[in-house]
Amino acid sequence: METDFLGFIFYEKSPRYVLDRLSLEEILKIGHPGKTGVFVNDGIEKITDITEKAGLKLIQLHGDESEDFLIELKQKLQPDVTLIKVIRIGNNDDETREKIKCTLNSYRSLVNYFLFDTDGKAFGGTGKQFDWTLLNEFKIPLPYFLSGGISEENIENICLLNQQPFAIDINSKFELKPGDKDLEKIKKFISKESQRDDLTKN
């Protein structure tokens, strides 16, 4: 089974907190080019230290990191480390639209990718889908990941997006329990998506 990215959650309040299961040394030994660390409002020193010790290739920022924070972080990281800024989307209203617009404009030159996820009361996955049609109202200036309650039942609706995602982020709908992935379900999903992509290309 091939995956492009492997996500490691470094948010201590998450039930998927990776350091409860693996050490940084064990993560370092995982030879995957898409090792992604997920951080929520951590300090620059902590992020850079974990990135180096775990051999992370991508950093996903899921908190309220400022533009100045991003500028300083980029200066401290190795130049080949890729940055992903998460935009959490709640209600389909004008306030949400303004938030998306401002984030796209402010961070477009500071990160490599955006990731759109469902907003919730706390940071981390909600297992719920936000209104994907909101994305059709914007010209997204960077490739983006789509996240938030993606499942076998709603994956077909991605075709309704004017600007297709660079990648999709699957999580809670493909777990036996938090942090324990259902590998057979993921294999089936990847196979189904590969077949759909082949039909689209033909």
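A residue is called buried when its relative accessible area is under 20%, exposed when it is over 50%, and partly exposed in between (1.4 Å probe, protein chains only). With that in hand, let us walk through the structure. This is a predicted model, in which local features need pLDDT of at least 70, side-chain atom pairs count only at pLDDT 80 or more, and totals for chains, interfaces and linings use all residues. Residues are numbered from 1 along each chain as its sequence is written, and side-chain values use heavy atoms, leaving out hydrogens and water.

The chain has five helices and nine strands; helices (H or I, at least four residues) and strands (E, at least two) are DSSP runs, numbered from the N terminus. Starting at the N terminus, they follow the order β-α-β-α-β-α-β-α-β-β-β-β-β-α. Of the 202 residues, 44% are buried. The predictor's confidence in each residue, the pLDDT, goes from 0 to 100; its mean over the chain is 88, and 85% of the residues reach 70 or more. Over residues 198–202, however, the pLDDT is below 50, and this stretch has zero contacts (heavy atoms within 4.5 Å) beyond near neighbours in sequence.

Now look at helix 2, which covers residues 44–54 and has Ile44, Ile47, Thr48, Ile50, Thr51 and Ala54 as its buried residues. Viewed down the helix axis, these buried residues fall within an arc of 165°, taken from the directions from the axis to the C-beta atoms, so they line one face of helix 2. The general rule is that an α-helix has 3.6 residues a turn, so residues three or four places apart point the same way. Among the elements covering the buried residues of helix 2 are helix 1 (24–28), strand 2 (35–39), strand 3 (58–61) and helix 3 (67–76). On the face turned away from the buried side sit the exposed residues Glu45 and Glu52. Just after helix 2 comes glycine 55, with a positive phi of about 65°.

Finally, visit serine 147, found in the loop between strand 6 (144–146) and strand 7 (167–168). Why does serine 147 count as buried? Its relative accessibility is 8%, and therefore serine 147 falls in the buried class. Apart from its neighbours within four places in sequence, serine 147 is in contact with Leu115, Phe116, Asp117, Phe130, Trp132 and Asp169. As for the chain as a whole, 60% of the contacts between residues at least 6 apart in sequence join residues at least 24 apart.
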